[in-house]
Amino acid sequence: MAEVITMPRLSDTMTEGKVSKWHKKVGDAVKEGDILAEIETDKAVQDFESEFNGTLLYIGVEEGAQAPVDNVLAIIGNQGEDISSLIGGGSSATAAEAKVEEESKTQNESTPVENAPVVEATMPEGVEVITMPRLSDTMTEGKVAKWQKAVGDAVKEGDILAEIETDKAIQDFESEFNGTLLYQGVAEGDAAEVDKILAIIGPAGTDISAVVAGDGKPAAAPAQTTQTQAPTTPAATTSTETAPVQTGANGERVHISPLAKKMAEDKGIDLQSVQGSGEGGRIVKKDIENYQAPAQAATTADAPKVVAAPALNFTPGEDTETVNSQVRNIIAKRLAESKFTAPHYYLMVEINMDKAIQARKEINSIPDTKVSFNDMIIKATAMALRKHPQVNSSWAGDKIIHHGNINVGVAVAIPDGLVVPVLKNADYMNYNQISASVKDMASRAKSKGLKANEMEGSTFSVSNLGMFGIETFTSIINQPNSAILSVGAIIEKPIVKDGQIVVGNTMKLSLACDHRVVDGATGAEFLQTLRLYLENPLSLLLG
């Protein structure tokens, strides 16, 4: 099947590229690692390698011309393959495209294509197009963490097709159809926008090339009465170029592509230790990308597979990189949006926890009961929100939404960052219910087992770092909430009580508020109520 190659983004600021020189012409044989063209970006001229084997069937940007990133640059496929459905929809018509059209007209005695009536596009019988689902209310794109079915596999309704990583969790995605998996639109590890083509299921052997080319919709074809023959290309004369040669430390000649050579130099890789996978052992781009130093490779081969993000190891003098997960990218985006759009301010208060400590001992003396200080704080927070509904509100542009339910989000650290499972109607939950729910969701959050709906709908959030000995800190608001409570450690220290210095237990709380919704006095009154509940736990019974 033909492969469409688009203008690559060769720098972070590149918006369009110019073809300085084509190293292959239409009809030439192309092998993986061959230099197709020299692309001039806004910063430099770079060699652009082919990642496919086949014949160069089409050039979308003539030498000396330029095109925006992602426009069709070239098409590689089998010699004589019909690519008419793939050419269209690119940039402005090029000389090569005009040539293809002219040859087609010359060889066809039928009515010109542009004058032929267009028949209505139809989906092949039994074929179902599956798009990237919207698995949460804030999801804009999804990442395929793992495919559970391969192209060609039989699929039944209810089978798990793939694991989809959203901005909140990884979820199993089930098929709603029976058939054969004919196409995967998103490679494992890649992301795609919601509603973009994810997969195609249908009867085995069905031709879906038009559906794929039409991004999930079959391309309309002109009605023709005379069978046309695709323009033929003269037999390709194999163009042999001398592979760039690099001399290794031991004096041996190393065959390597220019791009691979530059990448190796940038990474400081000894070419003598790289095994080339190209023709004749030539080192190509993917060999450098996948390269591991011998000592590291042995360690990696013996190491067990880890599902969670691996711990980072410090190696003196060596920089390393970790590709961001979808969760990490979305966390970064949301926190930045919150910090730079919501005017944060912070209120801090110190709580005497002596009575709370005694109350917890008495509660935990009850059989089958084990309540943490965090559970008590969540309960007290939920009850305080009842008294101060303005804190349980959200900014919505031209209005403020006052939520009818009190849903407390509890921040949980995971290897990829932070997630916030939600306790729905926390003000109606007792200590045991809060304790069981927090433990269950925290455990599943760390194993990526939370469902998206378990992380939606929070109206207020709590973040606790007390277990790490952190005495005080501030948090970024988890929008669309208007406030977040940061909980520090309980510290034993001298305090003044009834005019005397005694040993007491204190805890510091920090409340971050969105000033658009929560005024300073409102936030202060909320903390006063929360302090009352925590310093006098029995007062919760009067709430």
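Is lysine 24 buried or exposed, and at what relative accessibility? In this predicted model, lysine 24 has a relative accessibility of 5% and counts as buried, because the cut-off for that class is under 20%. Its charged side chain has a partner: lysine 24 and aspartate 34 meet in a salt bridge, with 3.6 Å from N to O. Lysine 24 sits in the loop between strand E2 (16–22) and strand E3 (29–30), while aspartate 34 sits in the loop between E3 and strand E4 (35–40), so this pair ties together parts that are 10 residues apart in sequence. Aspartate 34 also counts as buried, at 16% relative accessibility.

The salt bridges of the model come to nine in total. One of them brings together the side chains of arginine 444 and glutamate 454, at 2.7 Å from N to O. Here arginine 444 belongs to helix H9 (residues 431–446) and glutamate 454 to the loop between H9 and strand E26 (460–464), so the contact links parts that are 10 residues apart in sequence. Arginine 444 is partly exposed, and its relative accessible area is 22%. Another salt bridge joins aspartate 514 to arginine 516, whose closest N and O atoms are 2.8 Å apart.

Attention can now turn to a sheet. Four strands form an open sheet in the order E9-E16-E14-E11, and their pairing is antiparallel. At the edges are strand E9 (128–131) and E11, each of which pairs on one side only. Further in, strand E14 (residues 179–184) meets strand E11 (residues 154–155) in the antiparallel sense, over two bridges. Within this pairing, valine 155 has glycine 179 of E14 as its bridge partner. E14 is also joined to strand E16 (residues 197–202), again running antiparallel, by four bridges.

Aspartate 427 is placed in the loop between strand E25 (422–423) and H9. This aspartate is buried, and its relative accessible area is 7%. Leaving aside residues up to four places away in sequence, aspartate 427 touches Lys379, Ala382, Met383, Arg386 and Ile406. Methionine 455, for its part, is found in the loop between H9 and E26. Methionine 455 counts as buried too, at 8% relative accessibility. Methionine 455 and valine 422 are 33 residues apart in sequence, yet their C-alpha atoms are 5.4 Å apart in space.

Met467, Phe468 and Ile470 make a nonpolar surface patch of about 340 Å². One of these residues, isoleucine 470, lies in the loop between E26 and strand E27 (483–497). With a relative accessible area of 33%, isoleucine 470 is partly exposed.

Conventions: Residues are numbered from 1 along each chain as its sequence is written. This is a predicted model: local features need pLDDT of at least 70, side-chain atom pairs count only at pLDDT 80 or more; totals for chains, interfaces and linings use all residues. Side-chain values use heavy atoms; hydrogens and water are left out. Two strands pair if DSSP finds at least two bridges between them. A salt bridge is a side-chain nitrogen of Lys or Arg within 4 Å of a carboxyl oxygen of Asp or Glu. Buried means under 20% relative accessible area, exposed over 50%, partly exposed in between (1.4 Å probe, protein chains only). Contact means heavy atoms within 4.5 Å. Patches are made of residues with over 30% relative accessible area and no salt bridge: like charges are joined within 9 Å, nonpolar side chains (Val, Leu, Ile, Met, Phe, Trp, Tyr) within 5 Å. Accessible areas come from the Shrake-Rupley method with a 1.4 Å probe; for residues, only the protein chains shown count as cover.
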